[in-house]
Amino acid sequence: MGLLPEAPDETRRIILKSAVGLAALGLGAGAALTSAHATADAKAWPQDAFKQKSEADALKALYGKSAEPSDKVNLDAPEIAENGAVVPIAIASTLPNVTGIAILVLENPNTLAAAYKIPEGTEASVASRLKMAKTSKVVAVVESGGKLYTATKEVKVTVGGCGG
Amino acid sequence: MASTIRVRAIASGDSTQVQSLISHPMDSGFVKDSKGQLIPPHHIEVVEFEHAGKIVFTCLWGPAVSKDPYVKFTFKGGKKGDDLKVSWVDNKGQSDSLVAKIQ
Amino acid sequence: MRTRILIGLAVAASVAGFGAAALAASADDFKAAYEKAQAADKEAAALKNQWTTTEDELKKAKAAADAGKFDEAVKHAQEAEALAHASVAQAKAEEKLWPDAVIR
Amino acid sequence: MLRTMLIAVAMVAGAAQPLLAADTASDPKAEFKAFREYFTSRFPKVALDDFVNGPYSMDEGLRKQWKAIDEFPPYEFAVDKGKEMFATPFKNGKTYGDCFPNKGIGIRQTYPRFDEKSGQVITLDVALNQCREANGEKPFDYTKDDMAALTAYMAFTSRGKAMDINIPDDPRALAAYTKGKEYFYTRRGQLNFSCASCHVQNPGNRIRTEVLAPALGIMNALPIYRSAWGGMGTTSRRLRTCNSQVRGVPLKAESEEYRNVEYYLSYMANGLPISGPGARP
């Protein structure tokens, strides 16, 4: 819309710049980290999978196999993200024996965003919030009965979420 | 110091819905600070939810998970008053844990 | 409305004009241009209407002068001055114009 | 009615044509009525109490994301921190609660108020720092962190309460209101925008990706967790960001201009519920 007919491109760039700057400053706030003993095991973290740049490589590193699309994977993601820093994404599936769910953002610097282990008795459903650097296809992956199934949706991002 | 973990676990019927929010910067490693220096990645790697001696949910998170991360899931079992233990560890080895009561 | 268009033209004209700055400027040329820009910016500050772009140009001018690039420094100082004058003109015009926008 | 509509049309076109001769005198009651009528007739589908939800009252897609985020909102940490601060005594044994009526609980809707002693508008943020200083503590930064946590908690305990701003019968109070109105409608910054350019003429429209909030009830949601900040911010932080977004140099937090514009906008929101702390893109 034509709020700024005089210099739209320049304006966008400048405002973007200032938004990124503020986000960067905001990071300094820091979280209150305690050193309380925890049982979460860092060794469980699949370092290699989180380094991959493509859907196929990430899935291979994480699960050792490739995936096929399925209409039994339900991916709920906004069409336009209100801010790339916080994009709510929910995944659910009616497939049987689900053991894992993963979320990939294909245009992010590293493709794999998050992976969840679903033990028996836990529903095949998860909601979380992700950062997206720019407009991208988001892929929901569900591991069911030893096979991988996906659903894909494009999410438009005009303010990138790399700022945090 | 206040816990970094907030949990809301509500039992309904034969299952329990869990929502959790953790205070953490989740620095991606791709952002520069005000002086133009890259802020090194600092993010939670693993979160575990434990009920009655059993891990009911595990999150494996990369730097693309939002600051102050949120997650919601549902597991079978759990009743009002049960303990639910949440623990996390990040890539710098910092960690926190909390035992919450299921409501 | 007409006043606003005039301000717009004034900015465009003055910004276009700085390209004609004399070549091979000296430290003194910079100092004079910078002081003029600062004076105009101070006037804008008194009206609580500084522009961030004016501040940016002042910084660029200072940085160029520090690096001994006086041609560039003078250019930036002149642009800062033009922007500061435009912000002063805007603030003065708005003192009369704002009531027109009030929801009644 | 016809006149309101004509004004609306003129504003949508982005050209604030002078329909009346310039008139700076203030009649808060009449202006309140016109302001409300402008928003309710321009957005007939938005429930009056929903305007306080800002961009989410304007856009269905955003509203859905907000609802998802609000299930466990990111400002919870700030509310908890503020609650803890409220419960922790100062070195002299007094607490924040001792500085306010009803121990500070459920009173956010009465701020800002005009202080007849100093002749100034006192916002909740200023009152909190005055409380600290009166008890021998250093004032907090006005833009985020501790101040945002305190105001988040105070807003949280006041949720749903109707904004209740009073302009006492004092020429200085009316002058503060008028100055706030002037600030709101004055164009500034290199982009030549006033607050009204965005929040009266273009609520619901997008400026780049952000959906603009309506001015009606815009103060009721503060402080906010703003995703673009990756954290909490106070009213001052929001106003400073607005200034830089139109390429104006921001004023000092809680400067007279900011306090006055908060006074004006809060008075315009009288009767609308407090919804803060809010979450915004």
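1. Is Thr95(D) buried or exposed? In this predicted model, Thr95(D) is buried, because its relative accessible area is 17% and the cut-off for buried is under 20%.

2. Where does Thr95(D) sit? The residue lies in a loop of chain D, between α4 (76–87) and β1 (113–115). Set aside the neighbours within four places in sequence, and Thr95(D) is in contact with Phe86(D), Pro89(D), Phe90(D) and Cys131(D). There is also a pairing across the sequence to look at. Asn135(D) is 40 residues from Thr95(D) along the chain, and their C-alpha atoms are separated by 8.6 Å.

3. Now the layout of chain D. The domain assignment gives two parts: domain 1 (28–74 + 167–280) and domain 2 (76–156). Their C-alpha centres lie 21 Å apart.

4. How do the two domains of chain D meet? On the domain 1 side, 27 residues are in contact with 26 residues of domain 2. Together the two domains of chain D bury about 2200 Å². Carbon and sulfur atoms account for 62% of that area.

5. The polar side of this domain interface is worth checking. Between domain 1 and domain 2 of chain D, the count of salt bridges is zero. Polar contacts are found, however: nine residue pairs, both residues at pLDDT 80 or more.

6. Which elements build the domain 1 face that touches domain 2 in chain D? At least two residues each come from α7 (171–185), β6 (231–233), α9 (235–245) and α10 (256–268) of chain D. The most comes from α10(D), with five residues. By class, this side of domain 1 of chain D has 14 nonpolar, six polar and seven charged residues.

7. Next, the contact between chains B and A. Chain B puts in 52 residues, and chain A puts in 47 residues. The area buried between chain B and chain A is about 4000 Å². Of this, 59% is from carbon and sulfur atoms. Three residues of chain B stand out: Leu60(B), Ala64(B) and Tyr70(B) supply 16% of the area that chain B buries against chain A, more than any other three residues.

8. How many salt bridges are counted between chain B and chain A? The count is zero. Polar contacts across the interface of chain B and chain A come to 16 residue pairs, both residues at pLDDT 80 or more.

9. The chain B face that touches chain A draws on several strands. Two or more residues come from each of β2 (15–22), β3 (44–51), β4 (54–61), β5 (70–76), β6 (83–90) and β7 (95–101) of chain B. The largest share is from β4(B), with eight residues. By class, the side of chain B that touches chain A divides into 24 nonpolar, 16 polar and twelve charged residues.

10. Ile5(B) belongs to strand β1 (residues 5–12) of chain B. Why does Ile5(B) count as buried? Its relative accessibility is 3%, and buried means under 20%.

11. What surrounds Ile5(B)? Apart from neighbours within four places in sequence, Ile5(B) is in contact with Ser20(B), Leu21(B), Ile22(B), Val86(B), Trp88(B), Asp96(B), Ser97(B) and Leu98(B). As for Val99(B), that residue is 94 residues from Ile5(B) in sequence, with 9.6 Å between the two in space, C-alpha to C-alpha.

Note on methods: Residues numbered from 1 in each chain as written. Chains lettered and ligands numbered in written order. Predicted model: local features only at pLDDT ≥ 70, side-chain atom pairs only at ≥ 80, totals over all residues. Heavy atoms only, no water. Domains from an automatic or database assignment. Contact = heavy atoms within 4.5 Å. Buried area = accessible area lost by both parts, 1.4 Å probe. Salt bridge = Lys/Arg side-chain N within 4 Å of Asp/Glu carboxyl O. Polar contact = N/O pair within 3.5 Å; in protein donor to acceptor, adjacent residues only side chain to side chain. Helix = DSSP H or I, 4+ residues; strand = E, 2+ residues; numbered from the N terminus. Nonpolar A, V, L, I, M, F, W, Y, C, P; charged D, E, K, R; others polar. Buried < 20%, exposed > 50% of the residue type's maximum accessible area, 1.4 Å probe, protein only.
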